[in-house]
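Here are a few notes from going through the model you sent over. Have the structure open while you read.

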Amino acid sequence: MKDFDGQNPSAPSDPISAWRLRVIFFFFCAGFVYVAVGLSYRQLVQSVSLTEKSDNQGQRVVILPPSRGKIFDRNGYVLVDNRVRWSVKADLLALQPEFRKEYLALLKKEKDRFPDRRPDYDQLQQTARLNVLNAWLTKIWFVIDSTNQKAAKGTAKVKSTPDLHPEERMVHPDTLRKHLNERRALLFPLILDLAFPNSGHAVTSEEGNRSVARFIEQFPVQGPITLEADMVRSYPNGKLASHVLGYVRDTDILKGQLDDELAEKFANLQKLGYTGKKGADGIEATYNEVLSGHSGWEHWTKTSSGYNKERLEAKPPKQGADVALSLDTKIQKSAEEALAKIVDSQGKALPAAAVMLDVNTGEILALASQPSFDPNEMADRVTQAYFDQVNSEGGWLNRSTQGLYAPGSTFKLITATAGMRANKIDWDDILDCGPSYMVGGRAFPEHDPVGYGQVDLEKMLAVSCNVWNYQVGLRTGPENLAKEARRFGLDAPLLQKPAEHNNHSTTELPNPATRMVVPDRAYKQRIAGEPWTDGDTANTSIGQGYLLTTPLHMACLIASIARGETRTTPSIIHDPGRDGRHAGAEPIGLNTQQLNALREGMLRCVEEGTAKSVRIPGLPYAAKTGTSEYFKKGEKAHLAWIIGYAPADNPVVAFCVLVEGQLDTSTWGGKTAGPVARDMILAWRSAADEKDK
Amino acid sequence: MSLSWAWLFLLLATFPWLLGVDLLSDSIATSGVCLFISGAAIIAPCRRLRRWQAVLFSACIGFLFEALRPIPDGSLALLLVFAAIYLTSHRDEIRDMPRMFWAAVLVNGLACTAWFLAAGLAYLKEVPLLSLHFLGQWLLHLLLATILAILLLVPLALVQNFAMDKIGVPQPDEAA
Amino acid sequence: MDNNRQGAKASYVALVFFTGLWMILPSAVRRFNREAFAEFQAPALHLVGKGRDLARYWELQSRSPEELVAAARDLARINAALELKIHSLDDARKENTRLREMLRYPQSTEFVTVVARVSVRETSSWWQRIIIRKGRSDGVRPGCPVVFGDRVIGRVSVVHLTTSEVDLVTSPGFRCTAFLEGDDQNHVVHVSGRAGLALSAPRAMVSIIPLGYNPPAGQIAKVMTTGLGGVFPSGLTLGTLETGVQTTSEKHMLTGALTPAKELSFIQEVSVLIPKYPTAGEILLTPADTGKAEEFR
């Protein structure tokens, strides 16, 4: 509304309006001052930190994984290596135009089909990317596929629809989404391992090489698809010594292996880590720190859409150190091959373990456990099916170091030693040994129904006479038996790392058994709440009852006896300068005649006794067999043992073999476990002869 | 003879020179250097040919060089066409011999840089484009292109002018 | 304004328009254009080749008859020896085929050999190529290996009607797999051409060599084709591995330079090995509508 002069009645001349204007003016001024001060503060005071922040947003650090160290046997033979892995990768940045083209085509199709509906743009983009990548993948498969017989005849056509391919030959939507979210800057792996493109599909190494060669020679050099090579863990001998070597599994390097320098230098930058590898079992786990090496890094600027632009600086990764094991591949192989021959009625290999030690140094020459697993299957592409299969077979357990068993008649060596040390029997004392022996009103049987008659120490060891041991055990008493067993370290944890090496793991192999049992009165009272009886003593004297130990312990026991000492410190690490001193070792405490009788008895065991079937002409060795009972599914089954050393006159190697008999198998120490020991000794002899040459 | 085809006859007259330079490159093949004269070859025709004729001629010269080499299609031809348009619209820049020399050196150098860069970009994955090695190579090619332009411009222009006289292409002043 | 400049603006606009058009044109058009200009030059290239042959002819003409007679005699002897060798190789080939069939082992690729003279050598920082006087009409296809004797020269990258362009071993467009002499485990290594340093002999790179590889003592290690990729027959010599093999920046593998087998820049004649059936890679490069393979790069 206007007045007659054409002026607005509420013009600024109105005093109230002027006041209002002043207020508004004040607020405007205040606002302006606020903005000006704020801007100045940002420009002058915060500019340095803001510039840094902006720089940081435009940069990133890419972590490069180091190559793991190799693992050798004592002769320098490679047990664990790093294999070249050829990967086919797609450059997503170079594929952008193709993605766009496909996206527009899909969008048009979608709009034509549903003109009224708003398309799901994100989904269309994802589908477009998948389609393009799958089309490239189809082409790659077409080139590398060995089964593409038509291609060889020149009649094949490249399939344009990736749907015709099995699922594992297509890009998984989740994999792509994850890559775009987390690793957009890196090349997208289309085929991770060109030599083994199908994880479930076994191929020979030559077929693998053919795939690689076909891609290199036939796929166009130019274009968005590139070939990259890196190193992955490889176990060239497959299952050989798998429990010792272990396996590796994926690990997030960002959470573990960033060194302090890197963490400090690039504290505020985005970091992109490759998936690294970490030891998960065996030496790979216990010596992970040594084998791992150090990560490298690359400092990049990035584009606004998140791709790498320019590399500013870089530090190459450092390969991990090598580890030399004390194993001898030849002996290990023979042990595993011999174990594999022990089968049940269905032809399935029986659970078993075999150990061979260097008598003087305690270095482990062979450490086998059956069933086992193939670490190659675990290294890069483990499938749930394979994991479950090994699990159901009980293949993860290292029976040599983790399996707890009653030692059976092999324990008679301790009984005899305890008896002699307690002056309850001497080497030439003869005991009358009938078909059984009454203990506490119960007849404890001999394994030969007619008995052995007049038996001395040597004969006892040769024929493994039970009655002799019942008598000596009862004379010696349970405390002396337990004391002697402990003196030989039957309940002591083994494979402990020297203090200076145990920065990560305290043992040389993961989780060696710690719950060995050497029973005494207190033990039974604690476990069963009952007092110890003579029957318990009789059982203990023949290695039955509550006694539990591992094959490695028994191998150490026999190595100690071979040297005339009480302890052997076994080690899986090869050290040429090892002095042969063993922690806690003391002389065995028997006189020469007693010790000789013990050794002669074991020699006779092979020459004429329970291990006669596995004697080696021309190579006398000493052994003690054992067949102990254990309960499987509530029924009695047998464990077959053999421990010993070779050669008999100048011990160099000690061994222990254990086989878990099943309900339907006839399992005997000499017959079942003996052949494994024989093969190991022969392999050692052959390896030693070769070295002498 | 129709003047419309002058560019083609001129091309036939120029081609032996291009082939000759290729053979010269062949004879020093171990050195890994590619001799280049295509840029200088369009100078004289641009003085006298009509613009569209010069454009066609330059495009053909470019495509001839590209045809047997792994250079991205059109990278040299389009640059020469640009040079031809510029030269035919600034004929005073090439009205006398000294100016022609300058133009030959510039166009030959520019065109040499164009194909060298384009080829480098085509092999980006295998070849580090931003390196001293690349810079050295480029300078070497540029130097040789400049020397060849200076050395061959006069005989090339003589032959081209002779051909144009025979075809009846008007003299520069008349063409302007 | 100068008269010359009249219409210049329109020409520039037209150029920009044409450049844009050129970029979005179907690749077939660009290919046709390239092909047309290549064919335009083909007669001249043939002429150059023939000229070289004529020069060689006149050079031989200048030799004395005694010299030529001696050469002919030597050749006759070599021919006789080769005849014998062909017979024994024929038997070996039959035996090989029989054994492969028995073992169900993939048959080795069969090749047809086409001998071709070299017209022109094309080298620059970015490529090392030769143009040979055999093309599509002679059955040459992109991707075919090109050899001289038992030495690899390169592989065909572009085929025209009567000429072909061959990427030499040292050209960045070349790559293949190889075995190294002295590597008992026969690791597959990667051979690829690299841009040459100007004024120096061109080189190729041998990469992905295992860290533990040691060249045979006192010898220069030969680099030989694997025959696994279905393109090159096995056992052809690619060249020799130069001493001074270096570890890669990641210290995971070794890498070294390859000196090509034959002095590539002086080669006059080559053999193109044409596989009897096209390889999968060749089929991949053949657009369904044309049936003609694209440039192999």
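1. Before the counts: helices here are DSSP runs of H or I with at least four residues, and strands are E runs of at least two. Also keep in mind that this is a predicted model. On that basis, chain C comes out with four helices and 13 strands.

2. Staying with chain C, 40% of its 297 residues count as buried. If you take its contacts with a separation of 6 or more, 61% of them link residues 24 or more positions apart.

3. Now the nonpolar cores. The largest has 153 residues, and the members touching the most other members are I140(A), I43(B) and L80(B). Helix α5 of chain B, residues 97-122, gives the most to this core, with 12 residues. Apart from this core there is another one, of 117 residues, which includes V244(A), A416(A), V472(A) and W668(A).

4. L80(B) is worth a click. What does L80(B) touch, leaving out residues up to four places away in sequence? The list is S38(B), G39(B), I42(B), S58(B), A59(B), I61(B), G62(B) and A111(B).

5. Next, where chains B and C meet: 39 residues of chain B are in contact with 42 residues of chain C. On the chain B side, α1 (6-27), α3 (51-67), α4 (75-89), α5 and α6 (132-167) each supply at least two residues. α4(B) gives the most to that side, with six residues.

6. As for the make-up of the side of chain B that touches chain C, its residues split into 19 nonpolar, 11 polar and nine charged.

Conventions:
Residues are numbered from 1 along each chain as its sequence is written. Chains are lettered from A and ligands numbered from 1 in the order in which they are written. This is a predicted model: local features need pLDDT of at least 70, side-chain atom pairs count only at pLDDT 80 or more; totals for chains, interfaces and linings use all residues. A residue is buried if 20 or more other C-beta atoms lie within 10 Å of its own, exposed if 12 or fewer, and partly exposed in between; C-beta atoms are placed from the backbone. Two residues are in contact if their C-beta atoms, placed from the backbone, lie within 7 Å. A nonpolar core is a set of buried Ala, Val, Leu, Ile, Met, Phe, Trp, Tyr and Cys residues joined through C-beta atoms within 7 Å. Ala, Val, Leu, Ile, Met, Phe, Trp, Tyr, Cys and Pro count as nonpolar, Asp, Glu, Lys and Arg as charged, and the others, Gly among them, as polar.
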